[in-house]
Amino acid sequence: MKALILAAGLGTRLAPITHDIPKSLVPVNGKPILIKQIDNLVENGISPQDITIVSGYKADILEEKVHEMFPEISIIKNEKFDVTNNMYSAFLGRNMVQGNSFLMMNADVFYDASIIKELLENEQDNLIATDVGNYLDESMKVVENNGRLVKISKDISEEEALGASIDVYKFSKNGGEMFFKKCQEYIENRKETNMWSEVALNDILNDVLFAACPITGKWVEIDNHEDLSLAESLFKNT
């Protein structure tokens, strides 16, 4: 199992903290979000040499911090971080994970290591970590039909949503190939580079069986100072 962490974002809503560091290194009770994600992976048996990070904004600071602790981790820089979105970052990292099963995640989510354990132990090959029953306006939501996920989008009503995606995904070899093929269609054929990776993921749900992986652990997507305060409160004693 490999892992792809998308960490190119600007994090403008976390200014002035992000004037000096990338969004993924914003600390929660002293622990940078990205380092927590790496710790979660390593704790669940994923070797640092199987982890790839796509950096962007303040990439040199990110690389120094990560390689100080985990020198084996591969880091790819998205040179167009300021005009692209995470689909483009995912596509840049495709060669590091294609041909394998892998986990993919956005580097702005602080979450319990148990969530990785649940994804790895779930028998389904393609999974979206889902906070079932939780509806958050800013989050991606998923729709389920007969045990199969049929839609992922921010624009899903509370009535039809199964719950919120926490932006952590498990792909099989085939699922990953289909996902990157769809990313390629948007980026190289349509020249659309400023799109969420979930747009490509949504497009393959008819062809690739994805299921929800209900989570039991805590998580917070950290986009602004209110989110950061919530995370520090929620993870205070962990």
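These notes walk through a predicted model, from its cores to its pockets.

1. **The largest core.** Start with the largest nonpolar core, which has 32 residues. Six of them touch the most other members: Ile5, Leu34, Ile38, Leu41, Ile51 and Ile53. Helix 1, residues 33–43, gives this core its largest share, four residues.

2. **Leu41 up close.** Which residues is Leu41 in contact with, leaving aside its neighbours within four places in sequence? The list is Ala3, Ile5, Ile46, Ile51, Leu103, Met105 and Ile116.

3. **A hairpin.** Look next at strand 9 (residues 141–145) and strand 10 (residues 148–153). They run antiparallel, and five bridges join them. Val143 has Lys151 in strand 10 as its bridge partner. Two residues sit between the strands of this hairpin. Asn146, in the turn, has a positive phi of about 55 degrees.

4. **Leu120.** Find this residue in helix 5, residues 114–121. Is Leu120 buried or partly exposed? Its relative accessible area is 28%, so Leu120 counts as partly exposed: the buried class needs a value under 20%. Not counting residues up to four places away in sequence, Leu120 touches Met1, Asn44, Leu103 and Lys170. Take Lys170: it is 50 residues from Leu120 in sequence, yet the C-alpha to C-alpha distance is 8.1 Å.

5. **The largest pocket.** This pocket holds about 720 Å³ of space. Its lining has 30 residues. Gly9, Lys23, Asn85, Asp108 and Asp223 lie nearest the centre. Strand 1 (2–7) and helix 3 (86–92) each supply at least two lining residues. What kinds of residue make up the lining of the largest pocket? Nine are nonpolar, twelve polar and nine charged.

6. **The second largest pocket.** Here the space is about 250 Å³. The lining has 13 residues, and Leu136, Val220, Glu221, Asp227 and Leu230 lie nearest the centre. Strand 13 (219–221) and helix 8 (225–234) are the elements that give two or more residues to this lining. By type, the lining of the second largest pocket divides into five nonpolar, three polar and five charged residues.

Notes:
Residues numbered from 1 in each chain as written. Predicted model: local features only at pLDDT ≥ 70, side-chain atom pairs only at ≥ 80, totals over all residues. Heavy atoms only, no water. Core = buried A, V, L, I, M, F, W, Y, C linked by side-chain atoms within 4.5 Å. Buried < 20%, exposed > 50% of the residue type's maximum accessible area, 1.4 Å probe, protein only. Contact = heavy atoms within 4.5 Å. Pairing = 2+ DSSP bridges. 1 Å grid on protein atoms, 1.4 Å probe; cavity = no way out; pocket = protein on both sides within 12 Å on 5 of 7 lines; lining within 4 Å. Points joined across faces, edges and corners; volume = space filled by probe spheres on them. Nonpolar A, V, L, I, M, F, W, Y, C, P; charged D, E, K, R; others polar.
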